[in-house]
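Let's take a walk through a protein model together. Have the structure open and follow along as we stop at a few spots.

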Amino acid sequence: RDIGVTGVQTCALPICAGGWLRNRVEGMAEMLCQAEIGEASYALGGVLNSTVWASICIDHWSQLVTPWLIHAGRHAGARHVLFCGLREVPAHVSSDLIEAAVTWSRHFLSSPIATYVLGPLLARVDLDDHAAEVIGLATIWLEIYTEAPEARFIFGRLLARQDLGEQAAPALALAIDWLEAHQAAPEARFVFN
């Protein structure tokens with residue numbers, strides 16, 4: 001719009017920034033695939049956390065993010081974009097996000113960093129056929145890291161699920177063991193809830 005005497009054309013920042021990204025989706029995807037994986041993961045995570053760019057990223061998911069997930073989705077550095085994507089991308093928008101997160105979780109199950117992906121993965125309502133596997137992966141991770149403080153991020157979301165089935169008893173037993181070790185910690189409220 002014209003802002004007056006100078007005749008300079010400007011636009012609202014969100015509209016301009018959104019248009020800028022929309023016009024560069026394919027080139028950005030290529031550039032992200034060539035970048036260092038951790039840096040690209042944080043860049044994509046920043047886009048997903050941005051009120052200006054998130055909707056464009058989600059609208060162009062298959063052109064912008066899917067190629068990167070195919071390229072780097074099994075790398076440890078992918079955890080940030082998976083973490084952000086699982087939290088920000090609406091249910092049923094991207095089945096490849098769920099698939100990538102489940103595959104990543106299988107690969108890093110014996111690592112403490114798995115909590116970054118398992119926690120938000122458990123919070124998803126669109127796990128569909130992956131629900132039982134994700135619950136099983138979370139239970140295995142909790143068996144390995146029974147007393148780790150970070151387990152609170154898994155317990156809270158795992159115990160909140162209504163579809164635990166046969167995994168309910170083992171999950172509760174693990175939670176009780178964790179609470180015995182951390183009952184006085186402020187973080188215990190996440191598990192007590």
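Start with two helices that pack together: α9, residues 115-122, and α11, residues 151-160, have axes 8 Å apart and meet at an angle of about 20°. Keep in mind that this is a predicted model. Why give those two values? Because two packed helices are described by the angle between their axes and the distance between the axes. Angles under 35 degrees count as roughly parallel, so α9 is roughly parallel to α11. Their crossing is left-handed.

Which residues do the touching? From α9 come Thr 115, Leu 118, Gly 119, Pro 120 and Leu 122, and they meet Phe 153, Ile 154, Arg 157 and Leu 158 of α11.

Now hop over to Thr 66, which sits in helix α6, residues 66-72. Is Thr 66 buried or exposed? Its relative accessibility is 17%, and buried means under 20%, so Thr 66 counts as buried. Leaving aside residues up to four places away in sequence, Thr 66 touches Trp 61 and Asp 96.

Our last stop is a loop. Between α2 (25-34) and α3 (37-49) you'll find Glu 36. With 46% relative accessibility, Glu 36 counts as partly exposed, because that label covers values between 20% and 50%. What does its side chain reach? The side chain of Glu 36 gets to the backbone nitrogen of Gly 38, at 3.1 Å. For a sense of scale, look across to Leu 109: it lies 73 residues from Glu 36 along the chain, and their C-alpha atoms are separated by 23 Å.

Technical notes. Residues are numbered from 1 along each chain as its sequence is written. This is a predicted model: local features need pLDDT of at least 70, side-chain atom pairs count only at pLDDT 80 or more; totals for chains, interfaces and linings use all residues. Side-chain values use heavy atoms; hydrogens and water are left out. Helices (H or I, at least four residues) and strands (E, at least two) are DSSP runs, numbered from the N terminus. Buried means under 20% relative accessible area, exposed over 50%, partly exposed in between (1.4 Å probe, protein chains only). A polar contact is a pair of N or O atoms within 3.5 Å; within protein, one must be able to donate a hydrogen and the other to accept it, and residues adjacent in sequence count only if both atoms are side-chain atoms. Axes are lines fitted to C-alpha atoms, for helices over the stretch in contact, and angles run from 0 to 180 degrees between N-to-C directions. Angles under 35 degrees count as roughly parallel, over 145 as roughly antiparallel, 65 to 115 as roughly perpendicular and the rest as oblique. A crossing is left-handed if the near helix is turned anticlockwise from the far one by less than a right angle, and right-handed if clockwise. Contact means heavy atoms within 4.5 Å.
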